[in-house]
Amino acid sequence: MPIRQLAPDVAAKIAAGEVVERPASVVKELIENSIDAGSTQIRVDLMNGGLQLIRVTDNGSGIPLEELPLALERHATSKVSVIDDLEQIHSLGFRGEALASIAAVAEVTLLSRPRDTEQGAQISAESGRISNATPAASPVGTTITVRNLFSAVPARLKFLKSRNTEVSHCHHLLEQYALAYPEIRFTVTSEGKQIFATPGDGKLFSVLVQVYGLQIAEQMVEVDGDDEHEDDGEYPRVKGFVSRPSAYKSTRQHISFFVNRRWVLSRMLTTAVEGAYHSLLLSGRHPIAVINIQIDPSFLDVNVHPAKTEIRFLKERRVFAAILRATRKALLQEPEMPRWKAKS
Ligand code: ADP
Ligand code: MG
């Protein structure tokens, strides 16, 4: 075939694949937007594992009618304007492409009302075609409805797992965000039934109870690596909860990291936490951990991948050492800790 420019809708569908891999990726982008909008309540409704319907309702800042069309455009964002802004990212979003990507592979409706306006407005998009924004009754905040995800992308549909698998991916993701934002009240339903909820009382412990149950939550000890390097802005501050060696899981999936309140996946960070359990946990047993890392954003690169769950640290060894030390300290403060030897 000769080289040809792709039709815009085909190009958009291909580009969307980087951001929107499965229903949980849509949920992630939508709740990140809700968090960036300062919401204190976020509700997520799913039908058929998110393929039929994903609806995220928040009570955040809302979007004025005249900005609704822009919200759906690619590279349109209210969060970054010049390239130097990438050095100091304080929001979860910054690429301005999530809503555009979702609109390329699903039917999207935005209904929104900013706090200080009398009336709301709505707009919709289907296969990348955006309607006009029109006035509409809306509570304060934003409701984004995503229907028939991937129905026009059969190649992607083929790779999705069962409804239950997709629901559990969404559920796991929402648990992670709830752990990172204990001050936000999350409510999640699937097929009309509530599957997860948090009180939004600002206490990480309350969320731990909802995610892991009271028994495990009571087996967790607080991590607070703050006493050293108090005034050093370059030094990562490490806080959170880790399980006593008596409570453990058979996989590493319950070790969660948040860097400047962004959920990230990192082998390096996992290795640091597990290193602190050296000789305390038998092999094949893994701790439960929720670790919040605060670090000067200029020591971070979050723009590694469109999904933004991968990050790079400028001083990786320092972060590793801080986590290892803070976790170890938390574990050793425990008085009657069983100290059996790991079989090697
Ligand atoms: P990004 O988050 O990278 O800026 P998005 O495509 O996710 O890009 O969103 C585009 C813009 O739409 C955001 O910058 C924001 O101004 C607006 N927006 C999206 N979702 C919400 C929401 N739930 N509440 C308020 N504004 C929103
Ligand atoms: Mg976004």
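This text walks through the nonpolar core of a predicted model and then through one of its strands.

Start with the core. The largest nonpolar core holds 89 residues. Seven of them are named as touching the most other members: Val27, Ile102, Ala103, Leu174, Val273, Ile291 and Ile323. Helix H6, residues 163–180, supplies the largest share of this core, with eight residues. Where does the core sit? Domain 1 (8–197) and domain 2 (219–332) both give residues to the core, so it lies between them.

Now take Leu174, one of the residues that touch the most other core members. Leaving aside residues up to four places away in sequence, Leu174 touches Val27, Val44, Phe186, Val188 and Phe196. Val27 is itself among the residues with the most core contacts.

Is S12 largely enclosed or open? Five of its five residues are buried, so the rest of the structure largely encloses S12. Ile255, Phe257 and Val259 point one way from S12. Ser256 and Phe258 point the other way. Residues in both groups are buried.

S12 has two partners to trace. Strand S14, residues 289–294, runs parallel to S12, and five bridges join them. Within this pairing, Val259 stands opposite Ile293 of S14. Strand S13, residues 262–264, pairs with S12 in the antiparallel sense, over three bridges. Here Phe257 stands opposite Val264 of S13. S12 and S13 form a hairpin, with two residues between them. Look at Asn260 in that turn: its phi is positive, at about 45°.

Note on methods:
Residues are numbered from 1 along each chain as its sequence is written. Chains are lettered from A and ligands numbered from 1 in the order in which they are written. This is a predicted model: local features need pLDDT of at least 70, side-chain atom pairs count only at pLDDT 80 or more; totals for chains, interfaces and linings use all residues. A nonpolar core is a set of buried Ala, Val, Leu, Ile, Met, Phe, Trp, Tyr and Cys residues joined through C-beta atoms within 7 Å. A residue is buried if 20 or more other C-beta atoms lie within 10 Å of its own, exposed if 12 or fewer, and partly exposed in between; C-beta atoms are placed from the backbone. Helices (H or I, at least four residues) and strands (E, at least two) are DSSP runs, numbered from the N terminus. Domain bounds come from an automatic or database domain assignment. Two residues are in contact if their C-beta atoms, placed from the backbone, lie within 7 Å. Two strands pair if DSSP finds at least two bridges between them.
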